[in-house]
Amino acid sequence: MNRFKWAPGSVIEAPRLRLKRFSPSDAPLLHDAVRFSSEALSPFLPWCHANYNQLDAEHWVQFTDETWQERTQFAFFIEEKSSGRLIGGCGLDSPANNAANLGYWVRSDCTCQGYASEAAGTLATLALEQLALSQIKITMSVQNLASQQVAIKIGARFEHVAKGALELHGISHDALVYSLNTKHIDTAV
């Protein structure tokens with residue numbers, strides 16, 4: 001299995017946000033954020049479901065620690081600097097051939113404020129510049145218009161529609177595939 005060559009610090013500063021490595025004490029905050037937004041998130045995120053519970057959040061935090069140590073995935077929670085509250089998550093995973101996948105989500109009451117773009121753009125820039133990755137892929141359901149807008153806003157280029165590439169809650173979905181490289185990233189998000 002390929003591994004990231006270098007692990008970024010556990011806190012990444014963005015203009016309005018901090019991207020922080022999950023710790024066990026974050027599980028209740030994660031649980032609250034996901035439960036608050038599960039109706040909006042569940043159609044697009046395989047791990048999000050109507051019965052998401054505290055144990056699910058604890059397992060996720062433990063999983064993020066394991067994959068961080070293995071250097072196969074870097075998951076961050078998105079903290080709003082002004083309030084200190086968890087407003088979402090973002091991460092890089094599945095490194096292979098000098099590329100990685102980028103994922104992101106924000107609480108329903110924090111959408112349309114540019115937070116997802118700020119977090120995703122900051123993490124993508126870090127990955128391309130400091131992890132020596134040559135490409136970042138962003139894959140989403142063709143129905144996920146909000147995620148598509150974030151990808152476009154941070155400078156990702158549309159590559160193709162991947163037929164049946166996503167399985168969400170037992171249903172196959174076509175996926176939009178976008179990519180970023182050092183030539184295309186918009187660091188001014």
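This is a predicted model: local features need pLDDT of at least 70, side-chain atom pairs count only at pLDDT 80 or more; totals for chains, interfaces and linings use all residues.
The side chain of arginine 107 meets that of aspartate 109 in a salt bridge, at 2.9 Å from N to O, the term being used for a side-chain nitrogen of Lys or Arg within 4 Å of a carboxyl oxygen of Asp or Glu. Aspartate 109, for its part, is partly exposed, at 34% relative accessible area.

Residues are numbered from 1 along each chain as its sequence is written, and side-chain values use heavy atoms, with hydrogens and water left out.

As for the overall picture, the protein has four helices and eight strands, taken as DSSP runs numbered from the N terminus (helices H or I, at least four residues; strands E, at least two). Read from the N terminus, the order of these elements is β-β-α-α-β-β-β-α-β-α-β-β. Of the 189 residues, 48% are buried, and among contacts (heavy atoms within 4.5 Å) with a separation of 6 or more, 64% are between residues 24 or more positions apart.

Coming back to charged pairs, a search of the whole structure finds eleven salt bridges, and I will take two further examples. In one of them, the side chains of arginine 18 and glutamate 79 meet at 3.1 Å, N to O. Because arginine 18 lies in strand S2 (residues 17-21) and glutamate 79 in strand S3 (residues 73-80), this pair ties together parts that are 61 residues apart in sequence. Arginine 18 is partly exposed at 26% relative accessible area, whereas glutamate 79, at 9%, counts as buried. Both residues also belong to a network of salt bridges that links Glu13, Arg18, Lys20, Glu79 and Lys81.

The other example joins the side chains of lysine 137 and glutamate 159, at 2.5 Å from N to O. Here, too, distant parts of the chain are linked, with lysine 137 in strand S6 (residues 135-141) and glutamate 159 in strand S7, 22 residues apart. Lysine 137 is partly exposed, with a relative accessible area of 21%, and glutamate 159 is likewise partly exposed, at 31%.

That leaves the largest pocket, whose volume is about 1200 Å³. A pocket, on a 1 Å grid over the protein atoms alone, is an open set of points where a 1.4 Å probe fits, with protein on both sides within 12 Å along at least five of seven lines, and lining residues have an atom within 4 Å of a point; points are joined across faces, edges and corners, and the volume is the space filled by probe spheres set on them.

Terms used
Buried means under 20% relative accessible area, exposed over 50%, partly exposed in between (1.4 Å probe, protein chains only).
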